[in-house]
Amino acid sequence: MKLDKNEIIFTGFGSGHGVGMSQKGAKFYAADGWAYEKILTHYYKGTKLKKLY
């Protein structure tokens, strides 16, 4: 990670950025029967889901 004025620049390798939710991992968990709520809270610890409508 590098700070440059008003930007944060992440440098990585491979097919992902290493931050947040893995698309392949989320797809695997969904295929294994996980609900979207469980997937989101798995990747984003401490998250509380709330309906806004």
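Let me begin with a definition: helices (H or I, at least four residues) and strands (E, at least two) are DSSP runs, numbered from the N terminus. What I am showing is a predicted model, in which local features need pLDDT of at least 70 and side-chain atom pairs count only at pLDDT 80 or more, while totals for chains, interfaces and linings use all residues. Residues are numbered from 1 along each chain as its sequence is written, and side-chain values use heavy atoms, with hydrogens and water left out.

The secondary structure comes to 2 helices and 2 strands, and from the N terminus on the elements run β-β-α-α. On confidence, pLDDT is the predictor's confidence in each residue, from 0 to 100; the protein averages 83, and 83% of the residues score at least 70. The lowest confidence is in S1, at a mean of 76, and the highest is in helix H1, residues 23–31, at 93.

Let me turn to H1 and what follows it. I call a residue buried under 20% relative accessible area, exposed over 50%, and partly exposed in between, with a 1.4 Å probe and protein chains only. Of the 53 residues of the protein, 8% count as buried. Which residues of H1 are buried? They are Gly-25, Ala-26 and Tyr-29, and because they cover an arc of only 100° around the axis, they lie on the same side of H1; the arc is that of the directions from the helix axis to the C-beta atoms. These buried residues pack against helix H2, 36–43, whereas the face of H1 turned away from its buried side carries the exposed residues Gln-23, Lys-24, Lys-27, Phe-28 and Ala-31.

After H1 comes Gly-33, whose phi is positive, near 100°. Trp-34 is found in the loop between H1 and H2, and it counts as partly exposed because its relative accessibility is 22%. Not counting residues up to four places away in sequence, Trp-34 touches Tyr-29, Ile-39 and His-42, where contact means heavy atoms within 4.5 Å.

Finally, the surface. The protein exposes about 5300 Å², of which carbon and sulfur atoms supply 58%; accessible areas come from the Shrake-Rupley method with a 1.4 Å probe, and for residues only the protein chains shown count as cover. Leu-3, found in strand S1, residues 2–4, counts as exposed because its relative accessibility is 64%.
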